[in-house]
Amino acid sequence: MKLNKIILGTSFALASLFAVTANNGVEASTWSARSTSEVVADLETSVDGSTTSYTIQYGDTLGVIASAVSVDLNDLVAINDIQNANLIFPGTKLSFVTDEATGEVAEVTVEDSTTEEATTYDVAEEVVTETAYVAPAETYAAEETTYTAPVEETTTTTTTAVSSNAAKEIIAQRESGGSYTAYNAAGGYYGRYQLNPSLVAYGASPAEQEAAADAYVAERYGSWEAALAFWNANGSY
């Protein structure tokens, strides 16, 4: 039972629950319900604040009393049923004891004004079971990955030579069809690579032509690949 759990607006007419004694001289037809504020004004609190007392008056309803003392109406109804509603009259004293630890009403004592007998009831607490979410115990094993560096291509002297020779051969085929004796009379170009007379003399041997061509390309282009690129762009080298 929680202090803030209050059910308002329920009217239990105490004409039957709280019987009117013969000496009060009030007819049931004149009965009118008291307000919550009126009940609150008549509450008595102990010095230590642990107990709140209230004496039932003509015109009270269980709903108003429950609201005034912040007690669940259902608890008061249950207590009333246990004791027997017909024995609770105006003048009956209700005492509400608050649990220091929880701040909630733990006990309700009903003291009969006529017999002066007091009965104490334990107020059943609402037990709310809170289930905390527990994530399933799962073990995640990280996959071990061994990093393997990519294999780098190694440019060897042989690879470079083949590439250079390929470019050199392409140029020779374009210039002379690969003939060491080819001659262009118009410009005096001679041999396999059609070099001008300042680079290779007419009738030069294949070895002389090869040496002259390599020297010429190395000085002007830096490589046979570069010389071929120039030839592709300009039609000659």
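User: What makes the link between the side chains of T109 and T120 a polar contact?

Analyst: The side chains of T109 and T120 are joined at 3.0 Å. A polar contact is a pair of N or O atoms within 3.5 Å; within protein, one must be able to donate a hydrogen and the other to accept it, and residues adjacent in sequence count only if both atoms are side-chain atoms. The value of 3.0 Å therefore meets the distance limit of 3.5 Å. The model is a predicted one, in which local features need pLDDT of at least 70 and side-chain atom pairs count only at pLDDT 80 or more, while totals for chains, interfaces and linings use all residues. Residues are numbered from 1 along each chain as its sequence is written, and side-chain values use heavy atoms, with hydrogens and water left out.

User: Why is T109 called buried?

Analyst: Buried means under 20% relative accessible area, exposed over 50%, and partly exposed in between, with a 1.4 Å probe and protein chains only. T109 has 16% relative accessibility, so T109 counts as buried.

User: Where is T109 found, and with which residues is T109 in contact, leaving aside its neighbours within four places in sequence?

Analyst: T109 is found in strand 4, residues 105-111. Helices (H or I, at least four residues) and strands (E, at least two) are DSSP runs, numbered from the N terminus. Contact means heavy atoms within 4.5 Å. Beyond four places in sequence, T109 is in contact with K93, L94, S95, A118, T119 and T120.

User: How do you know whether L228 is buried or exposed?

Analyst: L228, in helix 7 (residues 224-234), has 12% relative accessibility and therefore counts as buried. Apart from neighbours within four places in sequence, L228 is in contact with A167, I170, I171 and R174. The C-alpha atoms of L228 and E169 are separated by 9.8 Å, and these two residues are 59 residues apart along the chain.

User: What makes helix 3 mostly covered?

Analyst: In helix 3, which spans residues 62-69, eight of its eight residues are buried. They are L62, G63, V64, I65, A66, S67, A68 and V69. Just after helix 3, S70 takes a positive phi of about 60°.

User: How many helices and strands does the protein chain have, and what percentage of its residues count as buried?

Analyst: The protein chain has seven helices and seven strands, which run α-α-β-β-α-α-β-β-β-α-β-β-α-α from the N terminus on. Of its 237 residues, 31% count as buried. Among contacts in the protein chain with a separation of 6 or more, 50% come from residues 24 or more positions apart.
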